[in-house]
Amino acid sequence: MGYKVLIVDDSTTMRKIVMRSLRQAGISVAEVKEAGDGVQGMEALKQGEVDLILSDVNMPNMNGLEFVEKVRQELGDKPPIVMITTEGGEDFIAQALSKGANGYIKKPFTPEKIQEVVGPFLH
Amino acid sequence: MPRIYQKSADFLISAVKDVMETMVFMDMSPSEPTQPEGTSLAGDVVSTLGFTGTENGIFVTSVGMDLARKITANMLGMEEEEIQDKSEISDAMGELTNMIAGNVKVLWSDEGWEMEISVPVVMAGKELEARFSRNLVEGAAVDFVNEDGERLRVEIRLGENPIENG
């Protein structure tokens, strides 16, 4: 069994690091969709459901918080969304969670951290 | 020396070691912090990232192409020989600079200082030189060296008349 994952980040490097970290965390990924910003992320979601979204915050066109808000408006409380970000302040975390994010991972991160945060959302 | 310079140096060392060990799997030894030198910084891959808030300024990183390629390969889990595209190296070094700045931002906030960081700008080539405004000549600069003697220089340059206390 593998999961469908959407990775939203304007850095191709970070998208590859996230993919690699998911594999190293032992998470079985059947399909990866990639998007460079929130607008592309919404387009990717129109192409089909995913089991998990991992999103950066600081992106052009539609940032991560705007993207979370949009996903929740249009798709409800699924799929789970985990922010992957350099933002680590309590204000940011509270804001992300209030907009509908389910968790966050602060950069830099290890595969173990990915498993710890993402694992509970995958069945 | 304004306290913010010494604190910034400490934060740079902590941030770079954390990012390099966690994401690049590379141990780096820091030099003694100094003031940045002059109004320019040379290197094959030079990344700059601006910030505003309690202070205004920039983060700068500079490396040779060999170390930049090694860093990129390690971040992506690839062999160095596979890294041929300069844009891949630029993106990786930009992300590295972004993570370092993000780490420093969190440490600054613990001091009660605010910081909003911009998107990194990366130049990649051969023996490039980034030039800065004359009011961005003070702050903290640290050289980090790996076991092969390759150097990563990281600077935080602050505008004139920084705050004396947190």
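In which sense do strand S1 and S2(A) pair, and over how many bridges? Strand S1 of chain A, residues 3-8, runs parallel to S2(A), with 6 bridges between them. Here two strands count as paired if DSSP finds at least two bridges between them, and Lys4(A) sits opposite Glu31(A) in S2(A).

## Ground rules

This is a predicted model, so to speak of a local feature takes pLDDT of at least 70 and side-chain atom pairs count only at pLDDT 80 or more, while totals for chains, interfaces and linings use all residues. Residues are numbered from 1 along each chain as its sequence is written, and chains are lettered from A and ligands numbered from 1 in the order in which they are written.

## Chain A overall

Chain A has 5 helices and 5 strands, going β-α-β-α-β-α-β-α-β-α from the N terminus. Both kinds of element are DSSP runs numbered from the N terminus: helices are H or I with at least four residues, strands are E with at least two. The radius of gyration of chain A is 13 Å, close to the 14 Å of the globule rule for 123 residues, so the chain is as compact as a globular protein of that length. That radius is taken over C-alpha atoms, and the rule is 2.2 Å times the number of residues to the power 0.38.

The C-alpha atoms of chain A fill a box of roughly 35 × 30 × 25 Å along the principal axes. Of the 123 residues, 40% are buried (20 or more other C-beta atoms within 10 Å of a residue's own; 12 or fewer is exposed, in between is partly exposed, and C-beta atoms are placed from the backbone).

## The sheet

The 5 strands form an open sheet in the order S2-S1-S3-S4-S5 (chain A), with parallel pairing. S2 (29-35) and S5 (103-106) of chain A each have a single partner strand, so one side of each is left without a neighbour in the sheet.

## Where chain B meets chain A

The contact takes 17 residues from chain B and 15 residues from chain A, a contact being two C-beta atoms, placed from the backbone, within 7 Å. On the chain B side, helices H1 (3-24), H2 (65-76) and H3 (86-110) each supply at least two residues, and H3(B) gives the most, with 9 residues.

Asp66(B) is found in helix H2 of chain B. With 12 C-beta neighbours inside 10 Å, Asp66(B) counts as exposed. Asp66(B) and Asp110(B) are 44 residues apart in sequence and 36 Å apart in space, C-alpha to C-alpha.
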